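Keep the viewer open as you read and click along.

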Amino acid sequence: NNAFFDKGPALFLIPVGISLGLNRATTSLIFSLGRSEGAVNGPFVGYLVDRFGARKLLVIGTLLAGIGFIMFSFAPNLWIFALAYLGFISLGATMAFQDSATSMVNMWFIRFRVRAMSIREASGSLGSTLLIPLMTLMIAVYDWRMAALMGGMAYFVLILPLSPLLKESPESIGLLPDGTSHDTAEGANTTTTETSSSEAQRLRRYYDRVDFSVREALSTSSYWYLLTGTMLRQVSKVAIDLHFVAILQWKDLDLSVAALIFTLRLGMNVPSKLAFGYLGDRVSKPAILSSGMALYTLALILLLSSHTVWVLVFSAAIGGMSEGITPVNWGAIGDYFGRRHYATLRGIINLSYSWALLLAPFGAGWWFDHHASYTIPIAVSAGAGAGSMVIYALMRQPKLPTRLVAREIGDI
């Protein structure tokens, strides 16, 4: 899914436009609408995940995405392209692999939540690193339709058969989050703050948490800092992600070299997500998130200012490294506000940047069509990245709601 839905549009953008007779702005618009649609549906799909369980929604989403990619591969015109991408691919892929999958990880882990999310994210990036060169070769030798058809078949042949192995939560099969034993969790909960060891106190902080309600989370400044920082981060990312290969071609690199640099950018996601994921369970999340955005902003400045190949390669490498903060970003929701309403709270954040998923890539395509330049889109993205860095740095752990403070005092 990461290769075909998240990263694939960067490879599909130019050949799909040429094949269907579309300009850069129109092709960008369809891909942008797809990402935006998933974000708009976020609160509703998040509610369904919290209400009916992640596994059911994951299966439905996988089926929709697979059907959509097969339709996309046979699209003869703009309208079938739009129907396939908006009505099936986007809805299914975001439902299954963003809302449902991250919610399931959040249910299975507490103490190692960010680390687990980083492994999930890194596996997707590894898949993209391996598949993007194959997709590039297939587009060059055959055409984009064959690559899209391969994507559709992958959902049915590789992903769907694995869904029966998934379990909603550790409690559903008699386990506890993180593989913790019942004796360990009960011991941490029953000891008092004054008499327990430092290890027991640490475990108690993890396993004696009470979830925030949606209303309680929305009343905290921490949630709004997280929402705003994430929104600006997406504003800085979405146009660059979609147009990255096209930007390198604008800088006079041929498609094969641009695709190799794009693959390097994706490949750097893997070690960086694992490294940031390890740190995310140990180090301040605001510090990690703001540092990652500083790195990303630097990558955009280098991308904007140079045509030298080694500078563009370095920019791609550090830009890919900055993606390592993604699991920290989404893990912060669970760490700050708990497990029960995770999908709903994430869905609201998704909704907050839905406009950017539409307007930023379309705007970049429109600007290129009219000015034959990506200078302004890259500059705007860098400014948004710098803003996100500042907002993340201001974020703090939320204070407990009144009902939870009363319970904590009672326990003491």
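What follows covers salt bridges, a surface patch, helix packing and a few backbone details.

## Ground rules

Bear in mind that this is a predicted model, so local features are only described at pLDDT of at least 70, side-chain atom pairs count only at pLDDT 80 or more, and totals for chains, interfaces and linings use all residues. Residues are numbered from 1 along each chain as its sequence is written, and side-chain values use heavy atoms, with hydrogens and water left out.

For burial, "buried" means under 20% relative accessible area, "exposed" means over 50%, and "partly exposed" is in between, using a 1.4 Å probe and protein chains only.

## Salt bridges across the chain

How many salt bridges does a search of the whole structure find? The search comes back with nine, where a salt bridge is a side-chain nitrogen of Lys or Arg within 4 Å of a carboxyl oxygen of Asp or Glu.

One of them pairs Arg-339 with Glu-171, at 3.1 Å from N to O. Arg-339 sits in the loop between α16 (326–337) and α17 (342–352), and Glu-171 sits in the loop between α7 (144–159) and α8 (182–190), so this pair ties together parts that are 168 residues apart in sequence. Arg-339 is buried at 14% relative accessible area, while Glu-171 is partly exposed at 38%.

Lys-285 and Asp-335 also meet in a salt bridge, this time at 2.6 Å from N to O. Here too distant parts of the chain are linked: Lys-285 belongs to helix α14 (residues 285–305) and Asp-335 to helix α16, 50 residues apart. Lys-285 is buried, with a relative accessible area of 10%, and Asp-335 is buried with 10% as well.

Now look at α11 (residues 221–250), which holds both Asp-241 and Lys-237. They form a salt bridge, with their closest N and O atoms 3.1 Å apart. The two residues are four apart in the helix, about one turn, and both are buried.

## A nonpolar patch on the surface

Leu-137, Val-141, Tyr-142 and Met-146 make up a nonpolar surface patch, and together they have about 430 Å² of accessible area. Those areas come from the Shrake-Rupley method with a 1.4 Å probe, and for residues only the protein chains shown count as cover. To join a patch, a residue needs over 30% relative accessible area and no salt bridge; nonpolar side chains (Val, Leu, Ile, Met, Phe, Trp, Tyr) are joined within 5 Å, like charges within 9 Å.

Val-141 is exposed, at 53% relative accessible area.

## How the helices pack

The axes of α11 and α18 (residues 354–371) come within 8 Å and cross at roughly 30 degrees. Axes here are lines fitted to C-alpha atoms, for helices over the stretch in contact, and angles run from 0 to 180 degrees between N-to-C directions. That makes α11 roughly parallel to α18, since angles under 35 degrees count as roughly parallel, over 145 as roughly antiparallel, 65 to 115 as roughly perpendicular, and the rest as oblique.

With α16 and α17, the axes are 10 Å apart and the angle is about 130 degrees. These two helices are therefore oblique to each other.

## Backbone details and close approaches

Asp-252 has a phi near 75 degrees, a positive value in a residue other than glycine. Asp-252 lies in the loop between α11 and α12 (255–267) and is exposed, at 67% relative accessible area. Ala-372 also has a positive phi, of about 50 degrees, although it is not a glycine. Look for Ala-372 in the loop between α18 and α19 (375–394).

Back in helix α14 you'll find Leu-303, which is buried at 2% relative accessible area. The C-alpha atoms of Leu-303 and Lys-251 are separated by 9.6 Å, and the two residues are 52 apart along the chain. Ala-299 is in helix α14 too, and Ala-299 is buried at 3%. Between the C-alpha atoms of Ala-299 and Leu-312, 13 residues apart along the chain, the separation is 8.7 Å.
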